[in-house]
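Visitor: Please take a close look at one part of this model, the packing of its secondary structure. I would like a single connected account.

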Amino acid sequence: MPTRSQDQTRNLHILGTGRLPAFEDGPGVSLLESFPNCYPQRPYVISISFPEFTSLCPVTGQPDCGTISVEYVPDKLCVESKSFKLYMFAFRNHQSFMETITNTVLEDLRELLAPCWCRVKGLFVPRGGTRIHVFAEEFKEMPEEQDRRVREAVRAWRSEIDPHRP
């Protein structure tokens, strides 16, 4: 008999249903789902990387490809990973500049989660001989002690040579 954690899942509607949201309107915060952070007292970093990102150039319509990475310290909520993947898929037929995409992802995650800290990295594949990397980051206003602890967790995360390596 499997055991079950205290994770709250009752408000998740996409995971495990086989239903896909409609992408006709393009990417938007409504495609994202969240669940409660079981450890809000502890600042810790969550990192999500989507290496198959594609969108369309708003001028030429040509595809732009790359990796979108999100790093954040959750407050009360965490993003559900399948909804994040489907949100990323919604950019496939969306025409937008890389700088706008990176900042839009940050704004949508900020609206959904209100994280203590969030950084979005758009690492785009060179096109026309030009490589573009976009970094957008934001710290939430917090009480002084919480702010100090969150910034220390972010500093520790950034000091890792390769934080994804075991």
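Guide: Helix α1 (residues 81-89) lies across β2 and β3 (63-73), and its direction is at about 20 degrees to that of β2. Helices (H or I, at least four residues) and strands (E, at least two) are DSSP runs numbered from the N terminus. Angles run from 0 to 180 degrees between N-to-C directions, with axes fitted to C-alpha atoms, for helices over the stretch in contact. Helix α2 (residues 98-113) also packs on the sheet, where it touches β2, β3, β5 and β6, and makes about 25 degrees with β6 in direction; contact means heavy atoms within 4.5 Å.

The model is predicted, so local features need pLDDT of at least 70 and side-chain atom pairs count only at pLDDT 80 or more, while totals for chains, interfaces and linings use all residues. Residues are numbered from 1 along each chain as its sequence is written, and side-chain values use heavy atoms, with hydrogens and water left out.

The sheet itself is open, with four strands in the order β2-β3-β5-β6 and antiparallel pairing; two strands pair if DSSP finds at least two bridges between them. β2 (46-56) and β6 (133-139) are the edge strands; each has a single partner, so one side of each lacks a neighbour in the sheet. From one strand to the next, the twist averages 15 degrees.

With a relative accessible area of 40%, His133 is partly exposed; buried means under 20%, exposed over 50% and partly exposed in between, for a 1.4 Å probe and protein chains only. Leaving aside residues up to four places away in sequence, His133 touches Gly122, Leu123 and Phe124. Its C-alpha atom is 9.9 Å from that of Ile68, 65 residues away along the chain.

The largest nonpolar core has 28 residues, of which Val70, Tyr72, Val79, Phe84 and Met88 touch the most other members. Such a core is a set of buried Ala, Val, Leu, Ile, Met, Phe, Trp, Tyr and Cys residues joined through side-chain atoms within 4.5 Å. At least two of its residues come from each of β2, β3, β4 (77-79), α1, α2, β5 and β6, and α2 gives the most, seven. Phe84 touches Leu32, Ile48, Phe50, Val70 and Val79, not counting residues up to four places away in sequence. Cys116, Met142, Val154 and Trp157 are among the seven residues of a second, separate core.
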